[in-house]
Amino acid sequence: MVPHLVTALTGPINELEARILDSMPAIERWFRLEWMEHTPPFYTSVDVRNAGFKLAPVDTNLFPGGWNNLTPEMLPLAVQAAMAAIEKICPEAKNLLLIPEKHTRNTFYMTNVARLVQIFTQAGLNVRLGSLDPEVKAPTTFELPGGESLTMEPLLRTQRRLGLKNFDPCTILLNNDLSAGIPSVLENLHEQYLLPPLHAGWAVRRKTNHFQAYEEVAKKFSKLMGMDPWLINPMFSQCGEVNFAEGSGIECVQTNVDALLGKIRRKYKEYGINEKPFVIVKADNGTYGMGIMTVRDAKQLDELNRRTRNKMSVIKDGQEVTEVIIQEGVPTYERINDAVAEPVVYMLDRYVVGGFYRVHADRGIDENLNSPGAQFIPLAFAESSHLPRQGVKPGASAPNRFYMYGVVARLAMLAASYELEATDPDAEVYD
């Protein structure tokens, strides 16, 4: 199933698909060389938007939930990738401590945790769950809708190690994005592998740093392909002192929105795109589709109503928004059953293992789809052939389309690798 693109402007994307397929050996070699120099994040999911004239990542998550949306057919690939990732880090690993988010009442999220437990158990590890919630003082079992159950246990911290009662792991896997800050129980663990590292969490991480790194990656890749990096790169700018609740710092946002809309208009003119450009203003840290708004004209920011101010001023775990990224809006012209759709690609280590379409019947082509009411339809990575098919007309083959999505998602993952190296507080400095 390839969702149809409802735009006449599929020319550039079909051209890009053909170019990417023709250059496949060069692309795979280029990635191979990059991974010799850089370490991929442990696991990653990337939201991709296909506008028909442009294909770009708009968000990169280093603590992906939603593993329950992958089909059973995708699991063997995920297990193999998990094995490769663990072998690289701790080949003799026996025990894995998985630390999820605190919101245990969210059954969708807990089903995702169960899927992660399944993947790493099948990769040959004893997996147990540790809770950061101080209210979990004894092993607590949660029943899931499918008849499964999960047991959360209180963490035990010694001076140098973190574990559970009678359980000493070599590796600790976080599925908690640290939006609320870094808990002291996770600090100064120098004897165990903590994945992803603490500076990958939203307490430290900034989207601006990520898209700066992505810009660098997109330029390198586009040079290899002989194309304009704009076709795969969303332009952006940043404001660092904003308070939506009080209305301060809005001028900075307006100025940047205006400038960015001007840049997009020039690009649209260059490519003959007859569309009204828009930008997305969103919190520079944080996830779950919170603190996001679509802006088509800087004047819109003059009259923000109270509801919008409230929505923009606080994100997950009650964290206040003080910094925003202003990002070029990439419309999504993909449709499934007439509902707007965007692909989300999942990776473990440096391998694409699957993904799904996030579909929202009540949202427009220029809106955030990561909101209540979204549905998830697995991508056709699950077809018998994961490999692209040479010689098929662009836009007609699911494996070819998904190979292209996988390439763009891996570019975003490589950018995350650059970003984590640049922001690593313990990086060795070579003069």
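Predicted model: local features only at pLDDT ≥ 70, side-chain atom pairs only at ≥ 80, totals over all residues.
User: How many helices and strands does the protein chain have?
Analyst: The protein chain contains 8 helices and 19 strands.

User: And what share of the residues is buried?
Analyst: Of the 431 residues in the protein chain, 57% are buried. The chain exposes about 19200 Å², and carbon and sulfur atoms supply 49% of that area.

User: Changing topic, how many disulfides are there?
Analyst: The count is 2 disulfides. One is formed by cysteine 90 and cysteine 170, with sulfur atoms 1.9 Å apart. This pair links distant parts of the chain, 80 residues apart. Cysteine 90 is in the loop between helix H3 and strand S4, while cysteine 170 is in the loop between strand S9 and strand S10.

User: Are those two cysteines buried or exposed?
Analyst: Both cysteine 90 and cysteine 170 are buried.

User: Which cysteine is joined to cysteine 239?
Analyst: Cysteine 239 is joined to cysteine 252, with an S to S distance of 2.2 Å. Cysteine 239 lies in strand S12 and cysteine 252 in helix H6, so the link ties together parts that are 13 residues apart in sequence.

User: Why is cysteine 239 classed as buried?
Analyst: Cysteine 239 is buried because its relative accessible area is 1%, which is under the 20% limit. Cysteine 252, at 31%, is partly exposed.

User: Now the helices: at what angle do H2 and H5 cross?
Analyst: The axes of H2 and H5 cross at roughly 145° and come within 11 Å. The contact includes Trp30 of H2 and Phe221 of H5. By class, this contact has 7 nonpolar, no polar and 2 charged residues.

Key. Residues numbered from 1 in each chain as written. Heavy atoms only, no water. Axes fitted to C-alpha atoms, helices over the stretch in contact; angles between N-to-C directions. Helix = DSSP H or I, 4+ residues; strand = E, 2+ residues; numbered from the N terminus. Contact = heavy atoms within 4.5 Å. Nonpolar A, V, L, I, M, F, W, Y, C, P; charged D, E, K, R; others polar. Buried < 20%, exposed > 50% of the residue type's maximum accessible area, 1.4 Å probe, protein only. Areas by Shrake-Rupley, 256 points an atom, 1.4 Å probe, with all protein chains shown as cover. Disulfide = S-S within 2.5 Å.
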